[in-house]
Amino acid sequence: MMHEKPKSEGYTIRMSPCPVYDISGMESWLESMAQKGLVLCNYVMGLAVFEKREPVHVRYQMALLPYEPLMEKGIPTAQGEMIALCEEYGWSYITKRGRFGIFVTEDANARMLYSDAELESAEYEELRRSENSALRSNLLWLLIIAPLMLFKDNMLQSCLMIGTEIYLLLFAAMTWHVVNNIRNIIQLRKLEGQLKRGESLRDCRIAQHSMAYRAYILVPIVCFILIFVLLAVRMDYSYNRLYEDAPQGYQTLLSYAEPLPFARLEDAVNGVDIDIDTNDTVKKEHDILAPLMLTVSQYDRYRMEDGTMRDYRVYVEYYEMIHPALAMHLAEEIHTEDKDFWDTRYTEYTLPSLDVDYAIAYEAFNPKLILVKDNLVLAVSLDSYGEEPLPIEQWSKVYAESLK
């Protein structure tokens with residue numbers, strides 16, 4: 001058994017230099033760390049937590065623990081029985097790394113925990129079956145479910161709303177998991193072969209450069225950190241779109257220094273804007289598939305040529321896609337989504353000849369116009385608030401000509 005624990009001088013965290021199935025490499029590393037005064041006390045999310053003490057010579061051993069169903073945690077199990085048996089042999093249980101229990105002893109004569117090669121071989125075979133099952137699940141997602149998502153009616157809109165980079169990071173993380181499953185299965189087969197030949201697992205070293213392994217392990221961690229950061233930014237933006245009392249991320253149209261690449265509401269109305277435009281806003285975004293995206297909202301009162309006052313509101317979404325084919329696909333997605341959602345009141349309008357590649361106008365919640373010109377997409381919703389609606393022929397021409 002371990003003697004009385006020396007006074008702790010703090011804690012430090014290290015990343016393992018070898019994969020979990022490199023039994024000999026892991027045990028040797030932990031023993032060398034103890035000789036430097038770093039004694040393992042926990043293992044959290046792939047990171048080893050060490051307690052700083054006086055250097056000590058100890059022996060570590062990793063032993064594969066029986067599978068413990070989630071619903072059985074906290075009640076006596078085969079895993080708990082095995083830990084108790086190991087402690088009777090003079091090995092103190094510290095923590096787990098994956099399915100492996102990590103044990104330590106200061107007794108140089110303490111017996112090895114596993115003595116039945118056939119039983120140990122059966123345990124590793126069961127572990128490999130578990131890895132095979134995980135591989136099948138991950139391959140199902142990567143090769144079938146993920147590609148099918150590309151054919152969703154609003155997949156492109158979802159990419160632009162959530163962020164194409166987030167989808168790519170998720171795909172990269174899942175690809176890593178598939179590669180890791182295959183890697184683990186190969187390593188387990190190697191360990192099984194050692195055991196079936198009656199050899200010790202400690203004679204089976206898995207070739208892996210420590211820096212390369214650490215870089216490999218960092219891949220999913222970096223992916224999920226980036227996903228979390230990007231989602232936090234997107235969620236903040238979505239919140240601001242829903243609640244006008246939190247306009248962070250927007251700016252007033254008056255303060256927007258760049259010229260809009262499309263017509264403004266006053267151009268379409270053909271009247272005099274008598275508001276100060278303090279409520280008019282613009283939001284600028286970027287995406288891998290759309291280097292420039294603008295969302296503009298204008299709500300103003302106009303004096304018309306006949307002297308009457310009328311209120312109009314326009315909501316414009318503008319996309320500069322990286323390819324005309326993507327622009328056309330996005331326009332079709334927007335149209336299809338509106339048509340399906342507003343099916344009972346959906347009505348198409350007849351448009352005049354417009355110098356664009358694609359144009360459609362319809363009544364959904366409000367009169368809406370969608371235009372495509374080369375790689376540009378413009379979706380315009382114009383509401384007259386019960387006033388006499390603007391003729392679609394008038395404002396569709398204005399917005400189509402502005403795309404030039």
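Helices and strands are named here as DSSP runs, numbered from the N terminus. I note at the outset that the model is predicted.

**Entry 1: the second largest pocket.** I looked up which elements form its lining. I found that β2, α3 (117-149), α5 (164-196) and α6 (210-242) each supply at least two residues of that lining. Helix α5 gives the largest share, with 6 residues. The volume of this pocket is about 800 Å³. I counted 28 lining residues, of which G46, W176, N180, Y213 and I217 are the closest to the centre. Sorted by class, the lining holds 17 nonpolar, 7 polar and 4 charged residues.

Entry 2: I then turned to β2, one of the elements that supply the pocket lining. Strand β2 spans residues 38-44 and pairs with strand β3, residues 47-52, in the antiparallel sense over 6 bridges. I traced V44 to its bridge partner in β3, which is L47. Between the strands of this hairpin lie 2 residues, and M45 takes a positive phi near 50°.

**Entry 3: helix α8.** I checked the span of α8, residues 324-341. Its 18 residues reach 26 Å from the first C-alpha to the last, close to the 26 Å expected at 1.5 Å a residue. I next asked which residues of α8 are buried. They are A327, L330, A331, E333, I334, H335 and D338. I recorded that an α-helix has 3.6 residues a turn, so residues three or four places apart point the same way. The buried residues of α8 pack against α4 (155-162) and against the strands β11 (309-320), β12 (347-348), β13 (358-363), β14 (367-373) and β15 (376-383).

Definitions and conventions: Residues are numbered from 1 along each chain as its sequence is written. This is a predicted model: local features need pLDDT of at least 70, side-chain atom pairs count only at pLDDT 80 or more; totals for chains, interfaces and linings use all residues. Side-chain values use heavy atoms; hydrogens and water are left out. Two strands pair if DSSP finds at least two bridges between them. Helices (H or I, at least four residues) and strands (E, at least two) are DSSP runs, numbered from the N terminus. The expected span of a helix is 1.5 Å times one less than its number of residues. Buried means under 20% relative accessible area, exposed over 50%, partly exposed in between (1.4 Å probe, protein chains only). Contact means heavy atoms within 4.5 Å. On a 1 Å grid over the protein atoms alone, a cavity is a set of points where a 1.4 Å probe fits but cannot get out, and a pocket is an open set with protein on both sides within 12 Å along at least five of seven lines; lining residues have an atom within 4 Å of a point. Grid points are joined across faces, edges and corners, and a volume is the space filled by probe spheres set on the points. Ala, Val, Leu, Ile, Met, Phe, Trp, Tyr, Cys and Pro count as nonpolar, Asp, Glu, Lys and Arg as charged, and the others, Gly among them, as polar.
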